[in-house]
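I am opening a notebook page for a structure that is new to me. My entries follow what I looked up, one topic after another.

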Amino acid sequence: MTGTGTGTTGGRYAPAPGAAPLPRMVRAQAWLETRTQLRNGEQLLLTVVIPTLLLVLFSAVDIVDTGRGSRVDFLAPGILALAVLSTAFTGQAIATGFERRYGVLKRLGASPLPRWGLMTAKTCSVLVIEALQVLLLSAVALVLGWSPHGNPAAVLLLLLLGTAAFSGLGLLMAGTLRAEATLAAANLVFILLLVGGGVVVPLERFPDGAQSVLQLLPISALSDGLREVLRHGTGMPWGDLGVLAVWAVLGLGAAARFFKWE
Amino acid sequence: MRSSAAVEVAGLVKRYGSRTAVDGLDLTVARGTVTAFLGPNGAGKTTTVETCEGYRRPDSGTVRVLGLDPVAQSAELRPRIGVMLQSGGIYPTARAEETLRHMAALHAHPLEVPALIERLGLGGCGRTPYRRLSGGQQQRLGLALALVGRPELVFLDEPTAGLDPQARHATWDLVRELRADGVTVLLTTHAMDEAEELSDDVAIVDGGRVIAQGSPEELCRGGAENTLRFTGRPGLDLKSLLKALPPQTGAAELSPGSYRLTGTVDPQLLATVTSWCAQNGVLPDRISVERRTLEDVFLELTGKELRS
C-alpha cells in the first residue's frame, strides 16, 4: 500500500472494475452497430432503396426476359439474395473498414468486449438488418403479386449460409484493404454481382462458358437456391448450399487469418 | 498475492522492421500515483504504453500491468484498465452520450453517465455526433470513455492537447481527483507544466529508454547548476564576492546593477551572499533563487535541437 490511501477511499472514482456479463456486452455492441447502420443514408440506399426499386421496376416493366411465369416470382428470390449481399458483404465491409480506419476497433480492443464477442455482435446486427429487409421486400413482392412456395427452413438455411459466405468475404476485404479501397471495391463488387449473379438477369442469358463460372459465385448460388425453393418448391437445393458452404469456409477462414485490427 | 506496482516494465525491446522503437526500457509505476511519461516524438512513449495496454507484443523483456501479462492475460486485464487514445477511436456519426453509454454497458459497475457528462462539461452536446464536436469536446469524451468503467489504472495519451486553459485546468483537477480516489494514472504528455503540476513521478524517455525518473522536485534539483539573481548598486566587486563563495561558483553583472550567480545554490550560499552584502553596505533590493524547471531538465537530457 502506498501512503496515498489507495483503495480505501469511497470517492466517486474509486476503482470498481469489471466486465459486464458477456450477453449484455454483445447485446450492447449489436444494438449500437444496428443503430449506426440504420442511421447511415448511404447504407440505406444500398440495403433498402436499391433492392426495393429494382424489385418494383423489373416486376412492372419488361426490361429483362425472365423466362416463363410471372416476373415477380423470378425477381423476388433474386432481390432477397441481393439484400443479403448488400448487408452482409457491402455494408459490413464498408462499416468495418472505416471502423478500422477511425481506430474504433483498436479502442474496443482495450475494452472488456472480446474480439469474438465483437464478431458475434456484428453478425447479430447483420441478421437483424437482414430480417428487416426480408420483411420489407417480401411485403412489397406480395403486393406485386408474388406467390412464394417451398420449405421455410430451406430458405432460412440458404439465407444464413449466404450471410456467412458474404460476411467472410466482406470482413476479409475490410481487414486487409484501406478503408477508401474497401469502399470502392465493395460497391464495385456489389454492382458486378448484381448484374452477373442471377439477381435480376437470368444466368441463361449469358454464354455457356461464362455461365458455368458465374454459377459458382456465392450470389448465384444464393439467388438460384432461393429461386429453386421459393419458385419451384424444391426441398433442399444441396448444390447451392454446398457452393455457399465452401465460400463461407474459405471467406471466414481467410478473414480470420489475414484480418488486421489496426 | 498482488504485485505492489501498477506497471512494471523491465528490459522492454520492440522493433518495427529494422527500426528499434524501444530499446531496453525499464519503468515502474507505483499504485495510486500519477506518473508522467515525457519524451520527444519518436522516443518510444506510445509503443511502450501500447505494449502495456496489450496492443503490442514485446520482442524481449517483460511487461506486467496490475501483475498481469497484457497479452496472455488480456481478458483479465482489459476490464481493469481505462484507455484514452490520442486518435479517439470513435465512429464519426456516433453521438457523444450514446458512445459513453455503450462503453458503460461493457462494464460491471460503471460510473453514472449523466454525472460524468456533467463533470466533463459535455452536457450540451450529448446528442451531437462525434465529428461535430470541437477538438476539446472530443478530447474530453475520450477521457470520459477511459474513466466510465471505474478502472484501477488509466492510460491517458496527451489528455490536454488542444484544450483551452479552462478545460485544461478542469482536466487537471479531474486527474487529481482520480488520484485522491486511488486510481493510478500513467499519462504521456509533451506539456512540461502538466507533468510538473500533476505527477508524483516523471519518467523521461529518449531513444527508447528511460533516461531519468523521479519526482519533479528530484529531477529539478539534481544535475546541473541553479541560479541566484540579485540587484544592487552597479559595479560591485565580484572578485571579492567570489572569494567568499565555493570555488565552482560563477558570477556576472548582466546589466548595471543586475547580478547573476551560478552554481550549487543552497541555503549556505544564500547566507554567504547576504552577509557579504551586509559587510559591503549593499542592500540587494531584489534577490531570487531560480530552480530549474522540468523543461530545463528535459531539454538538458534530451538535447536542445529539434529532431525530425
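I looked up the neighbours of Ala144(B) and found that this residue touches Leu100(B), Leu116(B), Leu120(B) and Leu122(B), leaving out residues up to four places away in sequence; contact here means C-beta atoms, placed from the backbone, within 7 Å.

I noted that this is a predicted model, in which local features need pLDDT of at least 70 and side-chain atom pairs count only at pLDDT 80 or more, while totals for chains, interfaces and linings use all residues. Residues are numbered from 1 along each chain as its sequence is written, and chains are lettered from A and ligands numbered from 1 in the order in which they are written.

I then turned to the largest nonpolar core, which has 80 residues, and Ala144(B), Leu38(B) and Phe155(B) are among those with the most contacts inside it. Such a core is a set of buried Ala, Val, Leu, Ile, Met, Phe, Trp, Tyr and Cys residues joined through C-beta atoms within 7 Å, and buried means that 20 or more other C-beta atoms lie within 10 Å of a residue's own.

Next I followed strand β5 (residues 81–84) of chain B, where Ile81(B) and Val83(B) point one way, Gly82(B) and Met84(B) the other, and all are buried; strands are DSSP runs (E, at least two residues) numbered from the N terminus. β5(B) pairs in the parallel sense with β6 (residues 153–157) of chain B over four bridges, pairing being counted from at least two DSSP bridges, and Met84(B) stands opposite Leu156(B) in β6(B).

Last, I checked the two chains against each other: 41 residues of chain B are in contact with 35 residues of chain A.

Note on methods
Buried ≥ 20, exposed ≤ 12 C-beta atoms within 10 Å, placed from the backbone.
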